[in-house]
Structures are given as structure tokens and as C-alpha cells.
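Hello,

Here is the structure we spoke about, with a few notes below it. Please look through the notes with the model open.

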Amino acid sequence: MGNVYTIFKRDVRSYFSSPIAYVVIGLFLAVTGIFFYLMLTSFLQYSYAAMMQRQNVPLNVNLMMIRPFLLNTCVIVLFMIPMITMRSFSEDKKSGTMELLLTSPLTNWQIILGKFFATYFLYVVMILVTFLFMIFLFIWGKPQLMPVLIGYLGLLLMGAALVALGNFISSLTENQIVAAVGTFAGTMFLWVIGFAADFAGKIFGPFFGYISIVQHFEDFSKGVFDTSHLVFYVSLTFLMLFCTYQSVESSKWRG
Amino acid sequence: MIEVKNLVKHYGSVRAVDDISFTVEKGEILGFLGPNAAGKTTTMRIITGFMPASSGTVTVAGFDVFDQGIEVKKRIGYLPENPPLYADMRVVDYLRFVAAIKGVDKNTIDVEVHRVAERMSINDVLEKHISKLSKGYKQRVGFAQALLNNPPVLVLDEPTVGLDPKQIIEVRELIKSLAHEHTVILSTHILPEVSMTCSRVVIINDGKVVAMDTPDNLTARLKGSESILLEVEGAIQDVQNELEKTPNVLSVAIQPLAIPETAQYVVESTVGFDIRKELAARIVKNGWGLLEMKTSGLSLEEIFLRLTTKEEEVN
């Protein structure tokens with residue numbers, strides 16, 4: 001465990017001492033911020049219109065503001081993941097430090113988990129910073145807290161699976177660009193397959209729907225916690241970590 | 001300390017390492033000599049547990065590299081061909097990190113880092129970022145990393161590459177001084193380095209061991225005959241006849257010089273006979289001028305070339 005933490009600490013430091021972490025988090029905040037602003041403006045217009053019609057019940061902030069925002073964020077995340085994970089293994093492979101790690105008294109799992117948690121840490125920080133937007137809503141509105149927390153839990157669980165996917169693809173190549181493009185293709189595939197589900201017929205339709213990473217998030221965005229989605233995200237995370245292990249192990253044999 | 005038995009490594013259909021066996025005793029410095037792509041790096045990578053062998057075994061301090069990899073890795077300090085450095089870290093942070101993953105106790109990490117920094121004289125760059133260092137300093141930081149946690153075995157892949165002549169001498173001295181407490185395997189294609197630092201040499205070519213001995217024995221063994229270089233002033237034909245008549249002379253080769261009546265002669269003689277006295281006496285007796293005489297032993301360089309080219313002829 002100490003070794004996992006040592007690797008984790010080094011990688012996190014390297015992300016935060018280089019511009020990478022700040023560029024990624026800044027870009028993410030900017031994009032989600034714009035969407036938040038646009039959604040808030042239209043939400044205010046709706047509530048203003050509703051007020052003019054003398055409706056006494058205020059509009060539901062959770063349903064009309066937070067849910068679409070979370071769904072939106074979930075898609076933006078798909079674009080951010082490649083930037084977070086592209087360096088993870090590729091950088092070490094390229095600079096030869098992988099040789100140092102693999103000839104040190106560490107197990108492959110310690111290396112993989114250390115690197116996974118480091119990239120995941122960057123992801124978690126990035127997600128949690130958007131919680132600032134929610135604080136504004138809580139100050140000037142009365143949303144329910146639980147659905148918001150469940151929505152964020154969903155983002156964190158989905159992120160774990162995607163970060164693990166990115167780590168796996170990064171472990172396949174020593175070229176960061178290839179890693180980023182490959183991960184991007186992976187996240188897009190897991191998103192777009194959901195659209196295909198509608199046209200794929202009775203057999204493949206539900207299957208495509210099931211592997212679509214975004215469809216599992218929809219319940220979370222409503223504030224519904226369903227263990228089947230939890231199982232999906234957690235198993236995908238483990239599957240990807242297992243693939244990473246195989247990749248690291250086989251790269252030794254290939255030399 | 002290190003035992004390599006029938007080591008084979010394939011890359012696809014290429015046999016990078018082909019049935020190599022050798023042992024290294026405690027405290028020895030073993031030089032690994034061979035042309036580029038001879039299988040030096042591959043062999044070292046297998047010993048350090050970076051990659052597994054296709055077949056054969058390696059044991060370090062009694063532990064099998066494949067089955068007890070972690071135990072072996074604890075006992076090896078490894079300097080790969082390109083020093084494995086994180087460019088974005090400060091030297092001191094990098095060394096602390098490596099010390100931590102090598103299992104140095106938390107409380108003694110700083111002591112250990114300063115010990116190796118002292119040894120490699122990189123004290124003055126500890127606070128610098130690695131990306132800002134010169135090639136020589138990078139190499140030394142890589143070397144320092146290998147010394148962390150004081151491993152009993154050091155595996156150094158071309159440790160003097162990229163250093164200036166002064167640093168090369170320093171590193172060689174350092175390697176020699178390490179031999180007292182460490183067992184060292186170093187690879188190089190620089191020949192004088194081997195004769196200067198190593199107690200034993202393994203010459204490999206095309207993945208096979210072509211020779212293994214001490215540098216001195218290697219030189220002696222390969223001297224099939226002794227050759228003497230002479231420069232004599234006198235009628236060339238007469239001199240040649242006289243030289244060939246001398247007992248134990250096998251052959252005489254002539255290299256005329258620009259000055260008339262003067263030539264260089266390379267005289268090959270049977271091993272174990274010193275014919276210099278006899279040659280000198282004969283030349284003087286005939287009234288010729290003996291301008292120069294020296295034995296030309298084979299240098300390690302020539303031996304190396306002979307061994308590695310002989311191999312090609314067989315193929």
C-alpha cells in the first residue's frame with residue numbers, strides 16, 4: 001500500500017507541477033461554466049414567465065436546472081478523459097522510467113493502482129470544482145441536496161470507469177497523442193453506441209443500450225440510485241484495470 | 001552471486017540471446033563486451049527482471065529472477081542505457097522517490113539520498129530540475145539512483161556513455177572502488193574501459209559468448225604467435241634472407257620505407273621463444289643499422305575484432 005501511495009504521490013505532483021492539471025481543470029470549468037450560465041439564463045426566463053402567469057408553485061430547480069446540467073457535464077467529461085489519462089503510462093514508457101519502475105521491487109498492481117489513482121484524483125478534483133456552481137443554486141434557490149449528491153456520485157463512478165479505460169489505452173503506447181486519440185475513440189464509442197441502440201433491433205438494441213456509458217448515468221442525474229448502474233461502472237473499472245495489468249505484463253514479453 | 005544458465009531470448013524469429021551461460025562471483029567486476037546489437041542490453045534486462053527469458057535461468061544471490069522477482073530486484077541497482085529520469089522533477093525529489101520505491105526506510109531516506117549524492121558528486125545540483133541538467137549530470141543522477149539502498153549487485157549498461165574524458169575517468173575509478181562491497185556487471189563497447197576496470201571479460205557477438213576470461217589471459221591466449229617489428233638499414237634482400245635464417249622465425253613481412261636501403265620488417269616467431277637478442281646480434285654482425293625494435297602484442301582491440309569477425313566467417 002505504501003508503494004501505491006508513493007507512485008500516486010509522484011504522479012499527482014507531476015500533474016500539478018506542470019500546466020497539465022490547470023489547463024485540464026480550467027478548460028473543463030470554462031466549458032461547463034458556459035453551459036451552466038446558458039441553462040441558468042433560460043431557467044430564469046421560464047421562472048419569470050411562470051411568475052407572470054401567477055403560478056404560485058416555483059419551478060423545480062433539480063429537474064429543470066441541475067439534471068440537464070449534470071447530463072451535459074457527463075458528456076463534456078467524455079472529451080476531457082483523454083487529456084487526463086494520456087500521460088499516465090505513455091510518458092513513462094517513452095522516457096524509460098517504466099524500466100525503473102519495472103526493475104524496482106514493486107508489483108505490477110502497485111504500479112497500475114498508483115497511476116490509476118493519480119489520474120482519478122485529477123478527475124475528482126476537476127469534478128468537485130464544478131460543485132461551486134451548485135453552491136450558487138443553494139444560496140439563491142432551494143434545490144434538494146440528495147439528488148445533487150447522487151448525481152455527483154454518478155459522475156465519480158462513471159469517471160472511474162473512463163479513467164481506467166484511458167489508463168489501459170495509455171499503457172498500450174509510448175506516444176501520448178496516440179493514447180489521447182485512442183481514449184477519445186473509446187469514450188466516443190461508449191457514448192455513441194447508445195444512439196445505435198434505438199435502431200439495432202430487439203436483440204442488439206438492449207445490449208448496445210446496456211454498454212452505453214451515458215445511459216447508465218441518466219438515473220443518477222435524476223437523483224435515482226440504482227445498484228445495477230453501480231455494478232456496471234465498478235465492473236467496467238475492474239475490467240479495464242485488469243486489461244492494463246495484462247498490457248503491462250505482456251509488454252515485458254514483447255520487450 | 002549471479003548465475004546465468006543457458007539463457008535464450010527470442011524476439012519473434014530473431015535470437016537476440018543464444019544460450020549464454022556465465023557466473024559472477026561476489027566482489028567481481030564483469031565486463032560485457034560486444035558490438036552494438038550483440039545482446040548485451042537484452043541479457044542485462046533479463047538479469048534485472050525487466051523482461052523474462054525465453055528459456056534458461058538466472059539466479060541472483062540464490063533467488064530465481066523469474067519466480068522470486070521482487071527478492072532479486074531488492075538486491076540489484078540498475079542503470080539502463082538511457083538513465084531513467086523524470087525530467088520534470090528536482091534531482092532531490094527524484095532520488096527520494098526512487099529511494100522510497102526501493103524500500104529505503106522513511107526516516108533514513110534523506111541520509112541515503114545525500115550519501116549517494118556525495119558519492120556521485122551531484123550535491124550542487126540537488127535542487128535543480130532534471131530537465132535542466134547536462135548529459136553528464138543526467139548520467140550521474142542515473143548512476144546515483146542505482147546506488148540507492150546500497151544493493152549488493154550493480155548492473156550498469158554503458159555507464160560512461162555521454163561523459164567527458166575527465167568524468168569517464170572518475171566513473172571508472174568509482175566503479176573500481178565499488179567492487180569491494182558490490183558485485184558489478186557492466187556493458188560497454190569501449191575496449192580500454194574493460195581492460196582498465198574489469199576483473200573478467202565476457203565477449204558476446206550475435207547473442208553468443210565468444211570468449212570469457214580475464215583481460216590478461218584473453219590477450220595471452222589469443223597470441224598464437226609473437227611478432228616483432230624491426231626497422232633496419234641495409235640491403236633489403238640480404239636482410240630478409242638473414243632474418244629468415246634465424247631459428248624459430250615463422251615468417252618475415254617487409255614494408256619498404258621512403259629512405260633507400262631501409263625497411264620495416266614484421267617477424268613472426270614461435271610462441272615462447274624470445275628471439276630479439278638473436279636478431280639484434282645478426283643485424284649488428286652484418287654491419288646493418290638497427291633503427292628500431294619492438295614486440296607488438298595484440299591489443300584487446302585486435303582480439304575483439306578477431307573474435308567477432310571470426311564468428312562471421314563461420315556463418
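Leaving aside residues up to four places away in sequence, which residues does A:Val129 touch? They are A:Ile25 and A:Leu29. Keep in mind that this is a predicted model.

A:Val129 belongs to helix H6 of chain A, which covers residues 108-129. Between A:Val129 and A:Gly26 the C-alpha to C-alpha distance is 9.8 Å, although 103 residues separate them in sequence. A:Val129 counts as partly exposed because 14 other C-beta atoms lie within 10 Å, and a buried residue would need 20 or more, an exposed one 12 or fewer.

In chain B there is an open sheet of four strands, in the order S2-S1-S4-S5, with antiparallel pairing. Its edges are strand S2 (14-24) and strand S5 (63-64) of chain B, each of which pairs on one side only. S5(B) is joined to strand S4 (residues 55-60) of chain B by two bridges in the antiparallel sense; in one of the bridge pairs, B:Phe63 of S5(B) partners B:Val60. Helix H1 of chain B (residues 40-47) lies across strands S1 (2-11), S2 and S4 of that chain, at about 120° to S1(B).

On confidence, the complex has an ipTM of 0.89 and a pTM of 0.83 from the predictor. The average pLDDT of chain B is 84, and 90% of the residues score at least 70. Within chain B, helix H3 (residues 91-101) is highest with 95, while helix H11 (residues 300-314) is lowest with a mean of 55. Residues 310-315 of chain B have pLDDT below 50, and this stretch makes three contacts in the model beyond near neighbours in sequence.

Regards

Conventions:
Residues numbered from 1 in each chain as written. Chains lettered and ligands numbered in written order. Predicted model: local features only at pLDDT ≥ 70, side-chain atom pairs only at ≥ 80, totals over all residues. Pairing = 2+ DSSP bridges. Contact = placed C-beta atoms within 7 Å. Axes fitted to C-alpha atoms, helices over the stretch in contact; angles between N-to-C directions. pLDDT = per-residue confidence, 0-100.
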